[in-house]
There are 2 protein chains.
Amino acid sequence: MNPRSIPRIVIIGCGFGGLEAAKALAGKPVQVTLIDRCNHHLFQPLLYQVATAGLSAPSIAAPIRHIFRKQRNITVLMGEITAIDTMRCIVSIEGADDITYDYLIVAAGATHSYFGNDAWAAHAPGLKTLEDAFAIRRRVLLAFEHAERETNNERRRAWLTFAVIGAGATGVELAGTLAEIAHHTLSGEFRRFDSSAARVLLLEGGERVLPAFPAELSEKARRQLKKLGVEVRTGARVTSVSDSGVEITESSGTSRIEARTIMWAAGVAASPLGKTLGTALDRAGRVMVQPDLSLPDYPQVSVIGDLAHIECDGKAVPGVSPAAKQMGRCSARNILARIEGRSTSTFRYIDYGTLATIGRKSAVAVLGTIKLWGMPAWLVWLFAHIYFLIGFRNRITVMIDWGWAYFSFQRYARIVIGPWKSERRS
Amino acid sequence: MNPRSIPRIVIIGCGFGGLEAAKALAGKPVQVTLIDRCNHHLFQPLLYQVATAGLSAPSIAAPIRHIFRKQRNITVLMGEITAIDTMRCIVSIEGADDITYDYLIVAAGATHSYFGNDAWAAHAPGLKTLEDAFAIRRRVLLAFEHAERETNNERRRAWLTFAVIGAGATGVELAGTLAEIAHHTLSGEFRRFDSSAARVLLLEGGERVLPAFPAELSEKARRQLKKLGVEVRTGARVTSVSDSGVEITESSGTSRIEARTIMWAAGVAASPLGKTLGTALDRAGRVMVQPDLSLPDYPQVSVIGDLAHIECDGKAVPGVSPAAKQMGRCSARNILARIEGRSTSTFRYIDYGTLATIGRKSAVAVLGTIKLWGMPAWLVWLFAHIYFLIGFRNRITVMIDWGWAYFSFQRYARIVIGPWKSERRS
């Protein structure tokens, strides 16, 4: 324990988990340092909308220090964590002074996983940060520009073929929105081809789309995707990804798809910070935490959110934002309990439901025992997402952007930052 | 002349001049190819708002092909022009097929000029494109983040010193807005320093700010800047720019200002494409055009906007957006006249007035013989800029963003894209 009277708490990461933990500690007799590599909290469930030019970046991101401007006991630092010394209770930040903690909450989240094929990353970007979203937006919009410049039909077809790998929520959202862009948004804007000739493929190694949902809703989702114009291929394992296309292996054999724009939504891996904590990890690299979210050997360290592996009622808690938020609040409560000498409480995950949007007026939802699809599910999704967006200001502009997009079929943010550059692909 | 019946017109650049020229040719019996290196038309007068985190990029940019989606005689291509062959009437695009024209409008605009000190560009970015605006936004926001991480007082002071070089309209806008950010927007958000301690310097080599305005309004602008907290230094010639500060020479001698964030608003140079046209240029690299905006030896080529040098009533037409728009319309009219065998008309510049904003509730304006400053000038500026913003949709969101900013003192777009990176400066 430190000699000073006020306990020092360090929180690493300001995603949903870290944000909720910091909020729960605001105004308490503790001194909090919240460290993130970005200057903003990102509303990640809408990130695919930035990638597909529907929303601007500031609409789904809030400056962290603005959120906590009135919480005088919270200091926000921007920086990259280089090491965590759980023995000596020290966090090292790249290019800045080390920070000593009495309690630590690690909420560093997850990143893409290419299942050992890291070379694929250059050809098939994933979607975790605003930078990723801008990269995907750029690729998608420039693919159509390439198609308009191209005079060779075969090469044009490759520019107009979009492959999304992985049919979880992000993959389904991306594929559905891309089909909408090709068939509606860009309709009539090109002179040398018809944008609705674009192919959007959703490639999934497993047997069904949205595997986290009941089989019945997976089937509904597949039909809605088809209606939007997405070619869904399940049981299609990707065996190779290059600049110009993907190779897939299906029960019928191996084939190649010529596609100049490929997106990766197939896998996530826990943050590499987990490995530095000196404690047991699961196979996905997530930290095995105690029922109160602390580490077995270091009770002053808690791990939460996508980086934590914990089971409730015999089931692993899923890597979704409501779970991260609940863990954030629980870890803060437990640290306050330890400070006051009370016993900590066990984390309990409350599942309010699961939602995935597919495209215009289509989504699937499980709310307790209720299953929804189509327009009703889409309305639930719409209001839930606007409601949970941080900051009154953002909610208004997102509603305007969406209202406009809905009635005009247009997308607000079709802006490629920076000039034409051929260095990307020829 | 080409053997086909429909004349082919190529327009290079879709700034204010190129956009107006293309609009004037829409629906006419001509075939237009509009080429720009960006996919969007940029409302450049508000670019400083993107740089200073007040507006998101899509608020001031409209996809070019969306603007012309219903004009079937206009083809939009994204690409970089590599050569113009005025003898053979061919435009070359990097990585794409050459295009032959019957008439050509060159509206390639201007870029920054560092007066021969190109090495300064790395330390003092200018503001011409969205990419520039993002770079400046990143530098400004990260400077405050650096200051919060910094434990050495002297180094922190350098992070909290912002130098804007050049007191034309852009420099005045940037300096005024930066002062507002330091004194209002970020107020109370840092724990280790007071953001209002930040210094904003506006360095101008000439004798007064806003030299394009009457001396009386320059004086008003200087007072308004001072009130906002900007240190204005006129007669201060910048002799050196580095990573860590600027050196200036004044009548009192040479001195050095330690500043980690430096912005360049001191000079523009005409696009280098001017040199490739095989015709006379003025000292600033602008193309000397005939009274009807065509080239002396190539009547089928017109040059307009910031790249053109033309005099009206014995005065050089200024490089401002209303002049570019008027030239765009005139060049289109004259090409149609040539096609129909009519004689071309002389370009006449109509000066509706000049506006420059300084910050919250302060601006200066000359409208004919009327001079305005303070709140009245600011209101004129506000409504003029919202009115001229392209696209009904953008106007609404810009109004909401500004309304919000005005009453809350907040700025919407305080988002740094991408994580903390130390490679920029240590």
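Modeller: Two residues are in contact if their C-beta atoms, placed from the backbone, lie within 7 Å. This is a predicted model, in which local features need pLDDT of at least 70, side-chain atom pairs count only at pLDDT 80 or more, and totals for chains, interfaces and linings use all residues. Residues are numbered from 1 along each chain as its sequence is written, while chains are lettered from A and ligands numbered from 1 in the order in which they are written.

Biologist: Is B:Ile335 buried or exposed?

Modeller: A residue is buried if 20 or more other C-beta atoms lie within 10 Å of its own, exposed if 12 or fewer, and partly exposed in between, with C-beta atoms placed from the backbone. Around B:Ile335 there are 28 other C-beta atoms within 10 Å, so B:Ile335 is buried.

Biologist: Which residues does B:Ile335 contact, leaving aside its neighbours within four places in sequence?

Modeller: B:Ile335 belongs to helix α8 (residues 321-339) of chain B, where helices (H or I, at least four residues) are DSSP runs, numbered from the N terminus. Beyond those sequence neighbours, its contacts are B:Ile9, B:Tyr103 and B:Ser302.

Biologist: Which element gives the most to the side of chain A that touches chain B?

Modeller: The contact takes 48 residues from chain A and 48 residues from chain B. With 7 residues, the element that gives the most to this side of chain A is α4(A).

Notes:
Helix = DSSP H or I, 4+ residues; strand = E, 2+ residues; numbered from the N terminus.
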